[in-house]
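Grab a pencil and work through these exercises with the sequence and the 3D view open.

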Amino acid sequence: MTTFYIEQFGCRTTQADAAAIERQLRDRGFAAASESASADVVIVNTCTVTAAADAQAREAIRKLHARNPAARVIATGCYAQRAPEELAGLPGVSWVVGNSHKPEIPWLMDSMVGAAAVGSADGFVPASELGEEKFSLLHGPAKILTGNIFEQRALLAAPVIGGEGNHTRPVVKIQDGCNSRCAYCVIPFVRGRSRSLKPAQVIEEIARLSAAGYREVVLSGINLGTYGRDLWPRVELIELLRRILDETGVERLRISSIEPMDVTEELIAMFASSERMAQHFHMPLQSGCDRVLAAMHRWYRAEHYARRVELVRERLPDAAVGADVIAGFPGETGAEHAETVAFIERLPFSYLHVFSYSKRPGTRAAELLDQVAAPMVKQRARELRTLGEAKAREFRHSQAGRELRVLTLRDQRNSADTTPALSSNYLRVGVQGEFAANEWVDVVISEREEGIVGEPVT
């Protein structure tokens, strides 16, 4: 039996793609290997949001080929869509498959196995056997299968149940692609237009997960707030959330990153009215300076963003509010960086995800002449990360003494006497005692030297 292993990089959306591919491969009779060193085929699902992500994927391919030279490597994902030639020349890579053709990977696996069965030396599949599918490129050591991502209509969807914390918190991708054109972002060019899973399919999947015993489900997407705008009849995200609560038994529903302008008073009120909605908003900020936001082609200004945070705090005073921030966008001055720092300091963030600006080929920002020097970008990123750590400490301190209901995570324990768990407001807690995964535990929060500890309420 042919075995496969999926090496995963990137965001929850790429993880959901990998989960869908794994489900399809298992359905076709392929077996998942426990590690890449023992697999016949290794699928490397790449990210390309930064140059560091590209380098990480290349290094991983080199290492897995060194560990398992006999394995055939299929490189796929966002990097494969953006720059397939760069991956095609790496040792061990047999196929490079862009996001445009990612749904064809199970078929390719069938073809590779079939070709090997009839004695083909390298599993080569003639282009004529691909029917109407066309190669955009066909040269070099590996075969490349990619096409116009903006013609992509399929949406790979399967819950992500493996990985950190997700033994108890499956992630369901309900939306993919993005219609925005932020100046720094390559994602629309590697994932295509926004497209949504139909509400009935979402509800069916979540109902199945709930019936299987999963208590928290996370909804993810590239631009989650645009969910349903491509469907006919049009559906809004808040409508879907209401239907999920009304039509499924899921005990806690969490949404991943959502753009600030999609965090409306109506959405916040809905979160405040239901204990089943996780009290957690992750809203990308990117900059606290209006001039930089305009240069980034973001659709809001700093005070618009601040008002969203204030609205959340007014209705949900203990909710977690997280943000993405980019350090060193082209043209950003020292004064403008200081403006972002001051903006973040005055708002009640729970945590920050800080990214050093990375030039992405094909984006508007990559063509700007006033790129910030790399050492300065690193310095600004360090300052923002230090501020993010301070914000996280403040938030943890604010939760001390509160009674929270937490969901225990993996069976792997934090220490000899605590079990890892997660609260509705995204607080990582070590629950005193030994508990199985996927259990609700009511705890009183305390701060200790080893971290945030929850003492079970008896």
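One cut-off before we start: a residue counts as buried when its relative accessible area is under 20%. Also keep in mind that this is a predicted model.

**Exercise 1. Find Val431 and work out whether Val431 counts as buried or exposed.**

Step 1: Locate the residue. Val431 sits in strand E17, which covers residues 428-432.

Step 2: Apply the cut-off. Val431 has 0% relative accessibility, so Val431 counts as buried.

Step 3: Look at what surrounds it.

**Exercise 2. Which strands pair with E17, and in which sense?**

Step 1: Start with E16, residues 418-423. E16 and E17 pair in the antiparallel sense, over 5 bridges. To see one of these pairings, go to Leu422, whose bridge partner in E17 is Arg428.

Step 2: Follow the chain between the two. E16 and E17 make a hairpin with 4 residues between them, and Tyr426 in the turn has a positive phi of about 65 degrees.

Step 3: Now try E19, residues 451-456. E19 runs parallel to E17, and 2 bridges join them. Here Gly430 has Val453 as its bridge partner in E19.

**Exercise 3. What does the side chain of Ser287 contact through polar atoms?**

Step 1: Ser287 is in the loop between strand E12 (280-282) and helix H10 (290-295).

Step 2: List the polar partners. A polar atom of the Ser287 side chain lies 3.1 Å from the backbone nitrogen of Cys289. The side chains of Ser287 and Thr340 are joined by a polar contact of 3.3 Å.

**Exercise 4. What is the strand order of the open sheet with 3 strands, and which strands stand at the edges?**

Step 1: Read off the order. The order is E7-E10-E11, with parallel pairing.

Step 2: Pick out the edges. E7 (171-173) and E11 (252-255) each have a single partner strand, so one side of each is left without a neighbour in the sheet.

Step 3: Check the turn. On average, neighbouring strands of this sheet are turned by 25 degrees against each other, direction ignored.

Step 4: Zoom in on a pairing. E7 and E10 (residues 216-220) are joined by 3 bridges, and Val172 has Leu219 as its bridge partner in E10.

**Exercise 5. Where is Val202, and what is Val202 in contact with?**

Step 1: Val202 is in helix H7, residues 199-211. With 0% relative accessibility, Val202 counts as buried.

Step 2: Its contacts beyond four places in sequence are Ile174, Leu197, Tyr227, Leu240 and Ile244. The C-alpha atoms of Val202 and Ile174 are separated by 6.8 Å.

Notes. Residues numbered from 1 in each chain as written. Predicted model: local features only at pLDDT ≥ 70, side-chain atom pairs only at ≥ 80, totals over all residues. Heavy atoms only, no water. Buried < 20%, exposed > 50% of the residue type's maximum accessible area, 1.4 Å probe, protein only. Polar contact = N/O pair within 3.5 Å; in protein donor to acceptor, adjacent residues only side chain to side chain. Pairing = 2+ DSSP bridges. Contact = heavy atoms within 4.5 Å. Axes fitted to C-alpha atoms, helices over the stretch in contact; angles between N-to-C directions.
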